Amino acid sequence: MKTLTALAGVVPILATPFRSDESIDLPSLDRLVRFMAALGVDGVTVLGVLGEANRLTDRERESVVRTAVAAAGAVPVVVGASHPGTAATGELMAMARDCGASAAMVAPSAEPVPSDERVFGYFERVGRDAPLPLVVQDHPASTQAHMPVPLLLRIVAEVPSVAGIKEEAVPTPPRLRALKAGLPRPLPVLTGLGALYGLFDLEAGSDGFNTGFAFPEVLMALLRAARAGQWARAREIYTRFLPLIVFEQQPGVAVRKEILRRRGLLADAAVRHPGAGLPPGAAEQLDRLLAATLPGADLTQPLVL
């Protein structure tokens, strides 16, 4: 297991590859992880929302984690371990640990009667004897669970195993500022949402990106510019790639998987049922967008910005 105490930088969320018959494609996953590691990312995350974790069997989940850990080398692997059941979350985290993962990403689930105390209790119990460091994911768009900033700060203060926050509750910049100002101990707060608000989040103090944008090289360049105080350069990068970021951020994972296929990383862009594939006309729109954003570029090679 790669040791992890806190996670910052660029940590791509990876797709789970499927063949056209929707069987899991581990060779493509191996290729995807090795490509990300060769870019110099700070970690990778599997079995997130982009990873279609809720469409995998338990045996498939384990095979994904083992494949990713083997392919990642020295790069830390974070594993999505969210489950509506507290005990089940613990079991998923233990499986990830046994497979050599470095951390677990956990989000709460919606309750029939929303309660901050129940959400805190979930993280307190999950983190009490956590087999791995925890990345707390705040993504109400997928979980329907809302975590006010004071609740997140309490979780950080009282659950020592928390090693980072993935902040995806909009509007993200003011929440990032409030979190960074109120943290009771040093802790990275990362940006998600496909980097949709990436520049504004970096200006608000984000420590990096934990998201699935298919060109992590762009996010690495954006973060380097921000860390160097080169805000004009950061704005230039963000402005150039924003149309592609917006197009990728459409509901579902089909667009992102299609770009990864075009990058030579997935053999097929299949989305497992009941997920939807590309809508009519999307492939042609993507052709035009990629040609305008990256004219003449070989997408199968790392981008040089």
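This note covers the aromatic contacts and the pockets of a predicted model.

1. Aromatic pairs. A search of the whole structure gives three aromatic pairs. In one of them, the ring centres of Tyr-122 and Phe-123 are 5.3 Å apart with planes at 75°, so the pair is edge-to-face. Both Tyr-122 and Phe-123 are buried.

2. A pair between helices. Phe-200 and Tyr-238 have ring centres 5.6 Å apart and planes at 80°; planes over 60 degrees apart count as edge-to-face, so this pair is edge-to-face. The pair links distant parts of the chain, with Phe-200 in helix 8 (residues 198–203) and Tyr-238 in helix 10 (residues 231–248), 38 residues apart. Phe-200 is partly exposed at 35% relative accessibility, whereas Tyr-238 is buried at 6%.

3. Charge over a ring. Arg-154 sits over the face of Phe-120, 3.6 Å from the ring centre.

4. Largest pocket. Its volume is about 1000 Å³. The lining of the largest pocket counts 46 residues, and Gly-48, Val-49, Leu-50, His-139 and Ser-142 lie nearest the centre. Helix 5 (residues 140–143) supplies the largest share of this lining, four residues. By class, the lining holds 22 nonpolar, 17 polar and seven charged residues.

5. Second largest pocket. This pocket has a volume of about 200 Å³. Its lining includes His-83, Pro-84, Glu-111, Arg-118 and Arg-125. Tyr-122, from the pair in point 1, is also among the lining residues. Helix 4 (residues 116–128) gives the largest share of the lining, six residues. The lining divides into four nonpolar, four polar and four charged residues.

Note on methods. Residues are numbered from 1 along each chain as its sequence is written. This is a predicted model: local features need pLDDT of at least 70, side-chain atom pairs count only at pLDDT 80 or more; totals for chains, interfaces and linings use all residues. Side-chain values use heavy atoms; hydrogens and water are left out. Rings of Phe, Tyr and Trp (its six-membered ring) pair if their centres lie within 6.5 Å; planes under 30 degrees apart count as stacked, over 60 as edge-to-face and the rest as tilted. Buried means under 20% relative accessible area, exposed over 50%, partly exposed in between (1.4 Å probe, protein chains only). Helices (H or I, at least four residues) and strands (E, at least two) are DSSP runs, numbered from the N terminus. A charge sits over a ring if NZ of Lys or CZ of Arg is within 6 Å of the ring centre and within 35 degrees of the ring normal. On a 1 Å grid over the protein atoms alone, a cavity is a set of points where a 1.4 Å probe fits but cannot get out, and a pocket is an open set with protein on both sides within 12 Å along at least five of seven lines; lining residues have an atom within 4 Å of a point. Grid points are joined across faces, edges and corners, and a volume is the space filled by probe spheres set on the points. Ala, Val, Leu, Ile, Met, Phe, Trp, Tyr, Cys and Pro count as nonpolar, Asp, Glu, Lys and Arg as charged, and the others, Gly among them, as polar.
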